[in-house]
Amino acid sequence: EQDPQKRIILMHKAEDILMDTGAICPLLSWNVRSYYWKTPLKGFYFPPLIGPIFTHTTGTANGILRVRQHPFSTLDPDLLEDVSQRSILLHLFAGLYEIDENNCLKPDLAEKTEISEDGLTWTFTLKPDLKWSNGDKLDANDFVYAWERGIDKTIGNPYSSLFSSIEGFPDRLNIKASEDGQTLTVKLVRPCPFFLTLTAMPAFVPLPQKVIEAAEQQSGDPFAWTETGTMVTNGPFKVRSWEPNVLLDMVRNENYHQAKEVALNELIVHCEAVDSSFYQKYIDGEYDFIEFRGQGGYSQLPPYEEHHSVPWALGVVYLSFNINNQEIFGKMTPQEAKTLRQALCLLIDRKALTAATMGSEDAASSTLIPPGVSDGNGGQFRSNSEDYRYPIQDPPGYYPLKSDFTRAKELLQSLGYR
């Protein structure tokens, strides 16, 4: 569907169909993460679905920032393991666009962007004189190689579907570099309102083809290029040393196109598994910035004034029924099975559950799409309008936020329960 408003209605209908099965039971929206950081630190920010960006951080000792992060075992953008790793990769790589401290898109390597009237042809002109950290020239061919590698089944990129809006997916993308390497042309299969946002994600960064292929030829491993002494980057930092699931030491990349704006000299990321000394090391000054990992099992917590909750993601915590469970649903008709699931969903007190787990009932929710998600047309998706209204209108949802025992009892009695 090409019409944006009609597309929104179709998406609402898709959510209606899924929720009508009773197979998904939303409980609460999840959109914050909690961190501790030392009071003098300033200048970092938290793009949604990415995590902390430290490039402009000030208030450190000698320009060195020490961070404690989730364990991760690879620096290859095509082997992204979890959402929090996006932050790490965007300190090493720069793409066509970036998300700034105001959560707005702005050009990074792109100098100019042109979009055809039908929204299907995107032409990116790169900034001049771009370089890799080893001094090699970076051009549009590096994007073509990287994006094609991103859908290569032998690589196994878990996020390859992000390229599905590009014509030719999943076989060969309709993307082309100009002869001089300054222009990248992309053909989409359909208009994609969020395509620019995708270009700010790690999956869409350029990759150094010569370095990757040389390392693979020498070792037989297509991922050997990320090892210490071999890895080449184009972002604010380059790798000094790297031990998977233990430590990543990054230093300023003098060939980054905005190197003068990088405030840090060194960014050290500890990524070993969390142990009982986690908070104590922060208190003792071994870390400057850590993620809050709960209170249980720790004898001492850092100072409360250094604790911060940060809007970070748009997510939903939900229960999912195994609809193929023969013991529960095997002797029921599809309608009876649906009725039982819906009755169970009505019994849950989402406000009480959210208050007990999150400290406030404000995040209680009964929609699969969380609040804050854009509809791609300048509004919020989870809202009532003249064209669409949720079964429950205030707040918009499919189930009451407090238990509805009366309705649940009626449904269960219709199934013969007493």
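How many helices and how many strands does the protein chain have? In this predicted model, the protein chain has 10 helices and 15 strands. Its radius of gyration is 24 Å, close to the 22 Å that the globule rule gives for 418 residues, so the chain is as compact as a globular protein of that length.

**Overall fold**

- Along its principal axes, the C-alpha trace of the protein chain spans about 75 × 60 × 40 Å.
- Of the 418 residues of the protein chain, 46% count as buried.
- When contacts in the protein chain between residues at least 6 apart in sequence are considered, 64% of them join residues at least 24 apart.

**Packing of helices H8 and H10**

- Helix H8, which covers residues 334–346, packs against helix H10, which covers residues 405–414, at an angle of about 155 degrees, and their axes are 8 Å apart.
- Because angles over 145 degrees count as roughly antiparallel, this angle makes H8 roughly antiparallel to H10.
- The crossing in which H8 passes H10 is left-handed.
- On the H8 side the contact is made by Thr339, Leu340, Gln342, Ala343 and Leu346, and these meet Arg407, Ala408, Leu411, Leu412 and Ser414 in H10.
- By residue class, the contact of H8 with H10 divides into six nonpolar residues, three polar residues and one charged residue.

- Ile212 is found in helix H5, which runs over residues 209–219, and Ile212 is buried because its relative accessible area is 1%, where the cut-off for buried is under 20%.
- Leaving aside neighbours within four places in sequence, Ile212 is in contact with Tyr145, Arg149, Leu207, Pro222 and Trp225.
- Thr230 is 18 residues from Ile212 in sequence, and the two are 9.0 Å apart in space, taken from C-alpha to C-alpha.

**Cis peptide bonds**

- Most peptide bonds are trans.
- The peptide bond from Phe169 to Pro170 is, however, cis, with omega near 5 degrees, and Pro170 has its place in the loop between helix H3 (140–150) and strand E7 (175–177).
- Asp394 and Pro395 are likewise joined by a cis peptide bond, with omega about -5 degrees, and Pro395 lies in the loop between strand E14 (392–393) and strand E15 (396–397).

- Most residues other than glycine have a negative phi.
- At 34% relative accessibility, Asn245 counts as partly exposed.

Notes. Residues numbered from 1 in each chain as written. Predicted model: local features only at pLDDT ≥ 70, side-chain atom pairs only at ≥ 80, totals over all residues. Heavy atoms only, no water. Axes fitted to C-alpha atoms, helices over the stretch in contact; angles between N-to-C directions. Helix = DSSP H or I, 4+ residues; strand = E, 2+ residues; numbered from the N terminus. Parallel < 35°, antiparallel > 145°, perpendicular 65-115°, else oblique. Left-handed = near helix turned anticlockwise from the far one by under 90°. Contact = heavy atoms within 4.5 Å. Nonpolar A, V, L, I, M, F, W, Y, C, P; charged D, E, K, R; others polar. Buried < 20%, exposed > 50% of the residue type's maximum accessible area, 1.4 Å probe, protein only. Rg over C-alpha atoms; globule rule 2.2 N^0.38 Å.
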